[in-house]
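Dear colleague,

Please find the structure below, handed over for your own work. My notes on what was found in it follow directly after.

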Amino acid sequence: MAPSRPPGHDAPDFSHVTGGVRSAADDDAQAGTPAPVRTHVVRKGDTLSTIAEQVYGRASRWEAIYAANRDVLDDPDRIQPGQVLQLPSD
């Protein structure tokens, strides 16, 4: 049994309200906005292979990181601490 309410204090009508769950990625996809780019700041001792192993679980993915960063990397063996590398999606 529903609790009684004093006269003139009717409950609001929410029957027209709909719900759902959306993520920011859904909004970006619908708006045609690219997904956020993941990045990695190079630390002393990093190599493209070690970064690929950490990020993708496979050191062999270093070539994908190199290809995505050709604008900032001249040589895949000469990355410098402080460089910000873009990490392509899987």
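A residue is called buried under 20% relative accessible area, exposed over 50%, and partly exposed in between, with a 1.4 Å probe and protein chains only. By that scale, Arg 78 is exposed, at 61% relative accessibility.

Two remarks on the source apply throughout. This is a predicted model, in which local features need pLDDT of at least 70 and side-chain atom pairs count only at pLDDT 80 or more, while totals for chains, interfaces and linings use all residues. Residues are numbered from 1 along each chain as its sequence is written, and side-chain values use heavy atoms, with hydrogens and water left out.

Overall arrangement

The chain contains 3 helices and 2 strands; helices (H or I, at least four residues) and strands (E, at least two) are DSSP runs, numbered from the N terminus. Along the sequence their pattern is α-β-α-α-β. Of the 90 residues in the chain, 18% are buried. Among contacts (heavy atoms within 4.5 Å) with a separation of 6 or more, 49% are between residues 24 or more positions apart.

Helix H2 covers residues 48-56, and its buried residues are Leu 48, Ile 51, Ala 52 and Tyr 56. These four lie on the same side of H2, because they cover an arc of only 100 degrees around the axis, the arc being that of the directions from the helix axis to the C-beta atoms. An α-helix has 3.6 residues a turn, so residues three or four places apart point the same way. The packing partners of the buried residues of H2 are strand E1 (38-41), helix H3 (62-68) and strand E2 (84-87). Just after H2, Gly 57 has a positive phi of about 80 degrees.

The largest nonpolar core consists of 11 residues: Val 42, Leu 48, Ile 51, Ala 52, Tyr 56, Ile 65, Tyr 66, Leu 73, Ile 79, Leu 85 and Leu 87. At least two residues of this core come from each of H2, H3 and E2, and H2 gives the most, with 4 residues. By nonpolar core I mean a set of buried Ala, Val, Leu, Ile, Met, Phe, Trp, Tyr and Cys residues joined through side-chain atoms within 4.5 Å.

Leu 48, in helix H2, has a relative accessible area of 3% and is therefore buried. Leaving aside neighbours within four places in sequence, Leu 48 is in contact with Trp 62, Ile 65, Tyr 66, Leu 73, Pro 76, Ile 79 and Leu 85. The C-alpha atoms of Leu 48 and Trp 62 are 5.0 Å apart, although 14 residues separate the two along the chain. Pro 76, for its part, sits in the loop between H3 and E2. On the same exclusion of residues up to four places away, Pro 76 touches Leu 48, Trp 62 and Tyr 66.

Charged residues

Which residues form a salt bridge with each other? Arg 78 and Asp 75 do, with their closest N and O atoms 3.6 Å apart. The structure holds 1 salt bridge, defined as a side-chain nitrogen of Lys or Arg within 4 Å of a carboxyl oxygen of Asp or Glu. Asp 75 is partly exposed, with a relative accessible area of 28%.

Asp 46 lies in the loop between E1 and H2. Asp 46 is buried yet has no salt bridge, and the nearest side chain of opposite charge, Arg 43, is 4.2 Å away; for charge, Lys and Arg count as positive and Asp and Glu as negative, with His and the chain ends not counted. The side chain of Asp 46 does make a polar contact of 2.8 Å with the side chain of His 40, and it reaches the backbone nitrogen of Arg 43 at 2.9 Å. A polar contact is a pair of N or O atoms within 3.5 Å; within protein, one must be able to donate a hydrogen and the other to accept it, and residues adjacent in sequence count only if both atoms are side-chain atoms.

Arg 61 is located in the loop between H2 and H3 and counts as buried, at 16% relative accessibility. Beyond its neighbours within four places in sequence, Arg 61 is in contact with Ala 52, Tyr 56, Ser 89 and Asp 90. Of these, Ser 89 is found in the segment after E2 and is exposed, with a relative accessible area of 64%.

With kind regards
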